[in-house]
Amino acid sequence: MKIKVINPNTTTSMTATIAAAARAVASPGTEIIAITSRSGAVSIEGHYDEAMSIVGLVDAINEGPVADAHVIACFGDPGLLAAREIAAGPVLGIAEAAMHAASFVATGFSVVTTLERTRIIAEHLVRNYGMEHHCRRVRATDIPVLELEKPDSNCRKLILEECERAIVEDGSGAIVLGCAGMADLNAWLEDKLGVPVIDGVTAAVKFAEALVSLGLRTSKRGDLAYPLHKPYKGALSAYAPADRNPAPTRKLG
Ligand code: 2AL
């Protein structure tokens, strides 16, 4: 099967980290197609960056080889439901995937993310995903996303210390890494901490494989049906949805 793993920020070195993590866990029959968004912010660290990333995400889904499933490799899961509307197969966000994985292996987890403002966004996600019973706390490290790309930064130390505080102070049994740029850290952290450390890129790839193997596709009934056909104006006129929804063949109920 083919899984497109899309980095919705425009930093290719981060895509390389994400692709390596994805390929390390992919099954032998799985091809990982790693894509860097061609428009938008170099790092996604707020609501505006997220909103602006969605056009590049849509391009990455629509262009190039058709994939059986898509992974949105940014912890804010930007454009997740819009992506589910336009894709036929499953679409997984790394935050949603990581939180679900953590809930399977611990009764409580903490998220360790980058900036304070993205900590607040991750708290919104916890509530949106109904994870309040599982997530004990979301913690920021005050690391800007692109610092994670610098080999000589002290990011590893800061993240390790925050994870240690999460285990001791929150009583958490697992850690969720709150940025795709941390996809190369989970094995190292797990070794130091002795608890499960979940990177959403790898969790999402394995969930995507499982869903495709089960023959599950995104429901096209209700709000995840293909977008309604209508004109779009201005700079987004090329994004006007085509007429893709089949006419109903049988009325239910
Ligand atoms: C992210 C991420 O995963 N990639 C990015 O550019 N921003 N999210 C985050 N919470 O830092």
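Ala 34 sits in strand β2, which covers residues 31-36, where helices (H or I, at least four residues) and strands (E, at least two) are DSSP runs numbered from the N terminus. This is a predicted model, in which local features need pLDDT of at least 70 and side-chain atom pairs count only at pLDDT 80 or more, while totals for chains, interfaces and linings use all residues. Residues are numbered from 1 along each chain as its sequence is written, and side-chain values use heavy atoms, with hydrogens and water left out.

**Around Ala 34**

- With a relative accessible area of 29%, Ala 34 is partly exposed, a class that lies between buried (under 20%) and exposed (over 50%), with a 1.4 Å probe and protein chains only.
- Leaving aside residues up to four places away in sequence, Ala 34 touches Val 5, Thr 15, Ala 19 and Arg 23, contact meaning heavy atoms within 4.5 Å.
- Arg 23 is 11 residues from Ala 34 in sequence, and their C-alpha atoms are 9.5 Å apart in space.

**The whole protein**

- The protein contains 8 helices and 8 strands.
- Its radius of gyration is 18 Å, close to the 18 Å given by the globule rule for 253 residues, so the protein is as compact as a globular protein of that length; the radius is taken over C-alpha atoms, and the rule is 2.2 Å times the number of residues to the power 0.38.
- Of the 253 residues in the protein, 51% are buried.
- Among contacts with a separation of 6 or more, 70% are between residues 24 or more positions apart.
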